[in-house]
Amino acid sequence: MPPNDIRWDPTFASLVRRAVFRTLSDLDAQAPSLAKEVKKWLGSHCDVTRPDEYFTHPQSLPFLALPIWLETSFRGVADLDFQYHLTYASVNGYYFVRMLDDVTDGHEISPSAVPALGIFHMNLERAFSRCFDQGHAFWDFFRSVWTASAEITSIDLKVVEISESDFLQSSGQKAIGATLPIGAVCYHYDRCDLLPNWLSFFDKLARWNQMKDDFLDWGKDSAAGRTTWLLCEARRRKLADESIASWMGQQGVYWATQQLEVWMNELIQDAQLLSSHDLVEYLRFRSTDFAEQANTIKQSMEAWTVCLGAMAREAKG
Amino acid sequence: MENKYQQLYDKVLSDSAFRNQLASDSRAALRSIGIEPSAEVLKAIDSIKDDVTKLEKIFGEVHRFAP
């Protein structure tokens, strides 16, 4: 795959498009006033004319592709009808979690959009109900994952300080809802032997993704007073009279990018054991893409430091 | 580093609006933090505008993807 581009399988891209547009068109048909509010809310996150691209963007967490890669890893092909239900469930589950986060984090969202939470949750459950009868063991997995998702959301809202062990334990858990379709594939094909390794992999992938976002957003997070592990580390490690920005420029960028590089190498090793060629290829793309971003940041920061030093010396002398 | 220059360093690393202003109107950006730019300073800023723009492209990007 070339840098800055992911050539998604057209079948996958089509599944995502169908699931997203079906969600929105059903809402349009059945609850037009609510649909209007939901589209306004969506417009704050993505291009509403192509809301599917929000999920297929090269920088997105690939939680819609993972169930397909998992199924393909042991069957050679994916059952597209089954996968469509999983994609539809995941899209609605994502909208549920995203909207709830926006409400609890105090982001701008019209109260008139919030009743959509009930619709998204109903759609999520209905999609899985098409794949699993009542009483199927999958529903125990569903209950434990969805409960854990609510628990971590609640805990996360109270966090004021994040240590390394907090981050290692909780960062992957924040996206735990996205493991539902992974579990669904394992339960559907009676391959629960694969579940622990895929769940462990997902946890690490979500952790990498969270750290990458926290790194790229550190300036915005710092200005908004948000708590991230990176900013907590910056406060702990910087000198008493040093600013967060100065620590980031001198050390934080190198520390964070090295951490991300180590974790990405572990992810690629883990993915090789999962027997998914597509997943390994995807990670190699993300690895190359991030390395290019990191190099650009380092080079630009170094150029800026040299320039500023010269300016300061000239002003002094 | 003198305070004003430390502030300039910090703002370029952390403030998206300032990076944009520095790239489009460096004189106004510098004055906003109390630096009266000499011709040499403006020339120096001009020489690293590409780097400031690159930083803005990466750190200033508004997420249009599923985090």
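## Ground rules and confidence

Since this is a predicted model, local features need pLDDT of at least 70 and side-chain atom pairs count only at pLDDT 80 or more, while totals for chains, interfaces and linings use all residues. Residues are numbered from 1 along each chain as its sequence is written, and chains are lettered from A and ligands numbered from 1 in the order in which they are written.

On to the scores. The predictor hands the complex an ipTM of 0.90 and a pTM of 0.93.

## Chain B on its own

Helices here are DSSP runs of H or I with at least four residues, strands are runs of E with at least two, and both are numbered from the N terminus. The C-alpha trace of chain B spans about 45 × 20 × 20 Å along its principal axes.

Of the 67 residues in chain B, 31% are buried. Buried means that 20 or more other C-beta atoms lie within 10 Å of a residue's own; exposed means 12 or fewer, partly exposed is in between, and the C-beta atoms are placed from the backbone. Looking at contacts in chain B with a separation of 6 or more, 54% link residues 24 or more positions apart. A contact, by the way, needs C-beta atoms, placed from the backbone, within 7 Å.

## The two cores

A nonpolar core is a set of buried Ala, Val, Leu, Ile, Met, Phe, Trp, Tyr and Cys residues joined through C-beta atoms within 7 Å. The largest one has 61 residues, and A:V16, A:V38, A:L66, A:A89, A:I182 and A:F202 touch the most other members. Helix α5 of chain A (residues 80-104) gives the most to this core, with nine residues. A second, separate core of 31 residues includes A:A245 and A:M301 along with B:Y9 and B:V41.

Back to A:V16: setting aside residues up to four places away in sequence, A:V16 touches A:D52, A:F55, A:T56, A:L64 and A:T87.

## A well-wrapped helix

Helix α4 of chain A (residues 66-75) has seven of its 10 residues buried, so the rest of the structure largely encloses it. The buried ones are A:L66, A:P67, A:I68, A:W69, A:L70, A:E71 and A:S73. Their cover includes α1 (10-30), α5, α9 (180-188), α10 (195-216) and α14 (277-316) of chain A. Just after α4(A), A:G76 takes a positive phi of about 85°.

## Where the chains meet

The contact between the chains draws 33 residues from chain A and 25 residues from chain B. On the chain A side, α3 (53-56), α10, α11 (218-224), α13 and α14 each supply at least two residues, and α14(A) has the largest share with 14 residues. By type, that side splits into 18 nonpolar, 11 polar and four charged. Nonpolar covers Ala, Val, Leu, Ile, Met, Phe, Trp, Tyr, Cys and Pro, charged covers Asp, Glu, Lys and Arg, and the others, Gly among them, count as polar. One residue to look at in α14 of chain A is A:C307. With 19 other C-beta atoms within 10 Å, A:C307 is partly exposed; beyond its neighbours within four places in sequence, A:C307 is in contact with B:A44, B:S47 and B:I48.

Then there's the meeting of helix α13 of chain A (residues 244-273) with helix α1 of chain B (residues 3-14), whose axes come within 9 Å and cross at roughly 75°. That makes α13(A) roughly perpendicular to α1(B). The helices touch through A:A245, A:S246, A:M248 and A:G249 of α13(A) and B:Y9, B:D10, B:L13 and B:S14 of α1(B). Those residues divide into four nonpolar, three polar and one charged. Axes are lines fitted to C-alpha atoms, for helices over the stretch in contact, with angles from 0 to 180 degrees between N-to-C directions. Angles of 65 to 115 degrees count as roughly perpendicular, under 35 as roughly parallel, over 145 as roughly antiparallel and the rest as oblique.

Most residues other than glycine have a negative phi. A:D190, in the loop between α9 and α10 of chain A, has a positive phi of about 55° although it is not a glycine. A:D190 counts as exposed, with 8 C-beta neighbours inside 10 Å. A:S275, in the loop between α13 and α14 of chain A, also has a positive phi, near 60°. A:S275 counts as partly exposed, with 14 C-beta neighbours inside 10 Å.

How values were computed: Two residues are in contact if their C-beta atoms, placed from the backbone, lie within 7 Å.
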